[in-house]
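Here are a few notes to go with the model. Have it open while you read, and take the points in order.

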Amino acid sequence: MPTGLEDELGDILQKARDGKSWSQKDLAQAVDLPLEELRRMERYDLIPPEAIIARLAKVLDLEGQALSAIARNAWHPKAPVPDPALDLVCLNVFMGTYPVKCYLLRCSATGEAAVVDTGANPEAIIQKAREIKVKPSKILLTHAHPDHAWGLDLLVREFQCPTWIDEREPRPQGTRDFQFVKDGEVIELGTLKVRALSTPGHTPGGVSYQVSRVILSGDTIFAGSMGRANSSWPDLYRSITETLFSFPDDTALHPGHGPATTVGEEKRHNPFFCGKS
Ligand SMILES: [Fe+2]
């Protein structure tokens, strides 16, 4: 069964308002709607008629048809084609009730492996690593939020390996063995070359990891939406449009939440970006 989208209409409206530094009241006035109706949309209590979705999209610089498709639950990204150069195991785990994704990345040629984010579930990663008979030699973190970085102590005790993170992130607890990753740096994993891409905006030191035609993108972009711009909305927008979208359309995007997608799918269907050059 496909993973549901991370963001619904309500999330997208909030994030688009955030990009304009608008309050709910500002948006309600801009589209001439009662404030309570907008509040209900953002609480996932109300899907408005098409004409109102079109008005909201227009004032928020979103693409109307793409927004409407997500509001009606009528779009789901096509799954990327697996890349034969690598094995990517996605673990669908939970922090409390919140679904998170973390990954085991393995070089098909040599079997060398890395953990990408902890998903706050080190036990699940250790169990999967034992099951597929790998001992990861690296832990690559996209950012330091607890749902991506909690549980390092157990992973480090099991795998005895360093952790890569951008120096601009807070230091997650559980290890002192950090390697500070720089934009463009190449991390070797067997015969794979894993390139760190600086993708700030969700957090100041957000990193995506690109290997072959696959990008593990943390909370930078979600299928049909973008991450929450906790540190900078313009930085996050640029991280997506100038960094992630610089890769070919068939490049897989594996986010920290929600389904996998591709650069092409997001360029064509993500209401924040489609229809813009
Ligand atoms: Fe996050």
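1. Start with the overall layout: the C-alpha centres of domain 1 and domain 2 lie 31 Å apart. Domain 1 covers 9–71 and domain 2 covers 86–269; such bounds come from an automatic or database domain assignment.

2. A quick word on what you're looking at. This is a predicted model, where local features need pLDDT of at least 70, side-chain atom pairs count only at pLDDT 80 or more, and totals for chains, interfaces and linings use all residues. Residues are numbered from 1 along each chain as its sequence is written.

3. Now see where the domains touch. Domain 1 puts 7 residues into the contact and domain 2 puts in 7 (contact means C-beta atoms, placed from the backbone, within 7 Å). On the domain 1 side, α1 (9–20) and α5 (64–71) are the elements giving two or more residues, and α1 gives the most, with 5. Helices here are DSSP runs of H or I with at least four residues, numbered from the N terminus.

4. What is that side of domain 1 made of, in nonpolar, polar and charged residues? It has 3 nonpolar, 1 polar and 3 charged (nonpolar is Ala, Val, Leu, Ile, Met, Phe, Trp, Tyr, Cys and Pro; charged is Asp, Glu, Lys and Arg; polar is the others, Gly among them).

5. Next, look at α6 (residues 122–131) and α8 (residues 152–159): their axes come within 8 Å and cross at roughly 25°. Axes are lines fitted to C-alpha atoms, for helices over the stretch in contact, with angles from 0 to 180 degrees between N-to-C directions. So α6 and α8 are roughly parallel (angles under 35 degrees).

6. Pro122, Glu123, Ile125 and Ile126 of α6 meet Leu154, Leu155 and Glu158 of α8. These contact residues split into 5 nonpolar, no polar and 2 charged.

Conventions:
Contact = placed C-beta atoms within 7 Å. Parallel < 35°, antiparallel > 145°, perpendicular 65-115°, else oblique.
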